[in-house]
Amino acid sequence: MIAGSDRVSAVLAGDETLIDVFIELSPAFERLRNPTMRRIMTRLVTVEQAARMGGVDCSLLLARLNEHAGAPVPEEEAEDMTGGPLTEKTSPAAMPWELAMIPAERTVTLDVRDELRAGREPFSLIMDAVREVPDDGAFVLRAIFEPVPLYAVLAKRGFLHWTEQRAADDWVIHFYSATAAAAAPAATAQAEDAGDMPDDVVVLDVRGLEPPEPMMRTLAALEQLPPGGTLVQLNVRVPQFLIPLLEERGFQHEVREQGPDLVRLFIRRTGDT
């Protein structure tokens with residue numbers, strides 16, 4: 001009987017026609033038809049993790065797999081095999097502010113999309129990059145699918161993660177220090193008491209929006225920003241037309257270019273703006 005903790009590679013080794021079951025429940029599994037991709041994706045991924053990657057209820061996936069394999073299981077029993085149904089994954093509405101505040105010089109970025117497409121296992125490259133991440137820094141990984149097993153691996157090293165999907169084969173995962181995130185509220189309160197931190201931090205992600213929507217949303221958000229507050233705009237480029245407007249309106253700003261597709265614009269409202 002197939003369980004949620006079983007590796008997908010072992011499940012498919014017993015019956016490759018089970019690939020059709022995966023694909024019927026989610027087109028995200030279509031890449032399992034490619035032998036090279038199947039070898040890379042399934043070796044470390046459990047059925048439960050695969051369900052999350054495909055946005056599928058795990059109990060339903062188990063019930064269909066076991067039914068196809070000749071061992072039908074009622075869905076309520078399948079829930080017991082997974083610890084409960086796995087709900088569809090949703091991305092956070094906005095990047096956590098403690099992650100957004102990490103400067104570019106403390107961020108290590110690695111793109112393994114070409115490695116994966118070529119059928120090469122990038123795990124050693126990833127771990128080498130992780131070792132280069134400074135204390136209280138961040139690691140940004142770009143892959144062609146969501147590397148769910150990596151979450152547990154890096155969690156053991158003290159990393160939280162924030163994931164965004166930009167396209168079907170373009171996933172960006174941001175790993176950052178759990179210790180720093182836990183200490184952030186207390187550190188923020190202490191800094192605010194000393195007058196060194198803004199009263200509030202708002203993160204606004206405008207990537208993927210067509211002009212002039214990013215500018216309009218940013219200006220609207222600034223109208224609601226309290227004195228001393230900071231707005232962190234996440235963009236794919238430096239907003240050249242917005243910056244003169246900020247200067248005209250007396251906002252302090254700082255641009256940090258994270259990479260070719262991530263620019264952080266920090267906008268501070270002074271007490272008299």
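Modeller: On a 1 Å grid over the protein atoms alone, a cavity is a set of points where a 1.4 Å probe fits but cannot get out, and a pocket is an open set with protein on both sides within 12 Å along at least five of seven lines, while lining residues have an atom within 4 Å of a point. Grid points are joined across faces, edges and corners, and a volume is the space filled by probe spheres set on the points. This is a predicted model, in which local features need pLDDT of at least 70 and side-chain atom pairs count only at pLDDT 80 or more, whereas totals for chains, interfaces and linings use all residues. Residues are numbered from 1 along each chain as its sequence is written, and side-chain values use heavy atoms, with hydrogens and water left out.

Biologist: How many cavities of 30 Å³ or more does the structure hold, and what is the volume of the largest cavity?
Modeller: The structure holds one cavity of 30 Å³ or more. Its lining includes Val8, Phe29 and Met53, and the volume of the largest cavity is about 50 Å³.

Biologist: Which helices each supply at least two residues of that cavity's lining?
Modeller: Helices (H or I, at least four residues) and strands (E, at least two) are DSSP runs, numbered from the N terminus. The helices that each supply at least two residues of the lining of the largest cavity are α3 (35–42) and α4 (47–54).

Biologist: Which element gives the most to the lining of the largest pocket?
Modeller: The largest pocket has a volume of about 360 Å³, and of the 20 residues that line it, the closest to its centre are Leu44, Phe123, Pro147, Pro149 and Leu150. The elements that give two or more residues to this lining are α3, α9, β2 (138–143) and α10. With four residues, the element that gives the most is α10.

Biologist: How many residues of each class are found where α9 meets α10?
Modeller: Contact means heavy atoms within 4.5 Å, and Phe123, Ile126, Met127 and Val130 in α9 meet Leu150, Val153 and Leu154 in α10. Ala, Val, Leu, Ile, Met, Phe, Trp, Tyr, Cys and Pro count as nonpolar, Asp, Glu, Lys and Arg as charged, and the others, Gly among them, as polar. By class, the contact of α9 with α10 therefore has seven nonpolar, no polar and no charged residues.

Biologist: In what order do the four strands of the open sheet lie, and which are the edge strands?
Modeller: Two strands pair if DSSP finds at least two bridges between them. The four strands form an open sheet of mixed pairing, in the order β1-β2-β4-β3. Pairing on one side only, the edge strands are β1 (107–111) and β3 (159–167).

Biologist: What is the bridge partner of Trp162 in β4?
Modeller: β3 and β4 form a hairpin with two residues between them, and these strands pair in the antiparallel sense over eight bridges. Along β4, Gln165 stands opposite Trp171, while the bridge partner of Trp162 is His174.

Biologist: Where does Pro212 lie?
Modeller: The peptide bond from Pro211 to Pro212 is cis, with omega near 5°. Pro212 lies in the loop between β5 (201–205) and α12 (213–224).
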